[in-house]
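Let's take a walk through this model together. Keep the sequence and the 3D view at hand as you read.

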Amino acid sequence: MARAKSMTLHIQTQRPLVMPSARKTDLRTQFGTLVYRVQNDKTQVLLITTRRTKRWSIPKGWPMHGLTPAQAAAQEAWEEAGVRGTVFDQCLGVYAYSKTIKTRGGHLPVPILVMVYPVQARKLSAKFPEAGQRRRKWYSPKKAAARINEPELAQIIRNFDARHLR
């Protein structure tokens, strides 16, 4: 009878990114932030509106040279939502959407893949870089998920449980 071997999972610490150049229409990666807080033993998720369409979403943005994906996500949480907090380098999930960008040939759709990182909000500032351009609001994960258009992101939010973070 063969013995079962135990398996250990080793998670490497993220390293800062070094950004190679890419064409504008290539598949692009963004880093998003699931900002949360726990009040009265209930988890709340912070959503923000997009600047152009005013739909509800999460803070997200492009990779930043010299920052890890989680650090870049935390920077976006500050710039877009005025959040300072504890960032976890554990990716909660990935979702895809299409963004229209302006090129020499006109406006083209570009596929975007977003990696989502949790940030526990410690401070919410009234003054932040995009304060006049966005709204922000706290929701339960279930209500937040109902306001999101991207099904994969809605599922990440709906299934989020802060107790599983290390």
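**The pocket and its surroundings**

The lining of the largest pocket has 22 residues, and T50, R51, K60, Y97 and K99 lie nearest its centre. (A pocket here is an open set of points on a 1 Å grid over the protein atoms alone, where a 1.4 Å probe fits, with protein on both sides within 12 Å along at least five of seven lines; lining residues have an atom within 4 Å of a point.) This is a predicted model, in which local features need pLDDT of at least 70 and side-chain atom pairs count only at pLDDT 80 or more, while totals for chains, interfaces and linings use all residues. Residues are numbered from 1 along each chain as its sequence is written, and side-chain values use heavy atoms, leaving out hydrogens and water.

Which element gives the largest share of the lining? That is β6, with five residues; strands (E, at least two residues) and helices (H or I, at least four) are DSSP runs, numbered from the N terminus.

Now follow β2 (42-49), one of the elements that supply at least two lining residues. β2 pairs with β1 in the antiparallel sense over five bridges, where pairing requires at least two DSSP bridges between two strands. Q39 has K42 as its bridge partner in β2, and N40, in the turn of this hairpin, has a positive phi of about 50°. Four bridges also join β2 to β8 (residues 136-139), again antiparallel, with V45 partnered by Y139.

Strand β3 (residues 56-57) runs antiparallel to β2 over two bridges, and S57 is the partner of I48. In their hairpin, K54 takes a positive phi near 65°.
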